[in-house]
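Visitor: I would like a close look at one kind of contact between side chains. Please take me through it slowly.

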Amino acid sequence: MALPDPADNAPRWLDWPAVAGIVVVLTAVRLYVSAHIGLSFDESYYTFWSEYPSTGYLDHPPAVAWLIAAGRRVLGNDELGVRVGFALCEIGIAAALYRVGTLLFRPALGALAALLYVLTPVSGLGFLATPDPPSALFWIATLWAVAEYATSGRPAWWLLAGVSAGLGLWSKYTDAFLAPGLLLYLLAAPERRQWLRQWPVWAGAALALVVFSPVLWWNFAHDWASFRFQGRRTVMTGIDPNWGVNLVELLAGQALFLGPLLLIFALAGAAAFALRREPRLALPFWSSLPAAGYFVWH
């Protein structure tokens, strides 16, 4: 069941210039729509944050406010200024997906991954000013850097992974699940366990903490307000008798946002790796397992 590796007999529409053109056109459409739709309540709330730049806020880490502030400074105090940074995040996500797919498999599959992503409903709504676009961008950017290291062995890639992981925590605390996922990835194979003896892995982890440290300091100075606020949302007080219904709703929601086809691909890929039929999926499988497991359990 392993995917073949022919050199590229892929259709022309999977050449990277064609996919890049599609991504640019879709981004232009999103920018046009974002300039002509009023802000939601949450977007207005985050825009208020951007009036007072800080390294922390009650609900979320500060990246959403800083991205809004940057857009407003460049394009003005309107809907487009508020949202432009988030629409551009989608370009970065598509580019990182392309590169990860290329490194793990081949360029045609990287192009297909990027194309499928930009055609999903969740990407179509990626212009909305929420913590999710930068969170997803820095998550996949971290995986891209780790995949580059696995291919080349150059220490700078682990350092870049650390910076990206730290910026992900500036975006959304959900990105904290990436750290145990990467640890599982390292521990799952003997050749990768050897990386734990190499300084770039630990330097990357230290860099992630350094990048995240201003947010940690803000929380320390404010009685851990943001951590406590988000922590209350993760507490469970027993098994919900409707857990089966909740699980179906979770899967249905993912199918809605990702599209049924991409969700099927994701589940099939996880099954292929778990059955040891496709070892090249180790990085996306292990890195996403803690987050996926938590959301299914919760």
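Visitor: How many salt bridges does a search of the whole structure find?

Guide: The search of the whole structure finds seven salt bridges (a side-chain nitrogen of Lys or Arg within 4 Å of a carboxyl oxygen of Asp or Glu). This is a predicted model, in which local features need pLDDT of at least 70 and side-chain atom pairs count only at pLDDT 80 or more, while totals for chains, interfaces and linings use all residues. Residues are numbered from 1 along each chain as its sequence is written, and side-chain values use heavy atoms, with hydrogens and water left out.

Among the salt bridges is the pair D15 and R12, whose closest N and O atoms are 2.8 Å apart.

Another pair is E51 and R72, with 2.6 Å between the closest N and O atoms. R72 is buried, with 15% relative accessibility, while E51 is partly exposed, at 45%.

K172 and D132 also form a salt bridge, the closest N and O atoms lying 2.5 Å apart. This pair links distant parts of the chain, 40 residues apart: K172 belongs to the loop between α8 and α9, and D132 to helix α7. D132 is partly exposed, with a relative accessible area of 39%.

Definitions and conventions: Buried < 20%, exposed > 50% of the residue type's maximum accessible area, 1.4 Å probe, protein only. Helix = DSSP H or I, 4+ residues; strand = E, 2+ residues; numbered from the N terminus.
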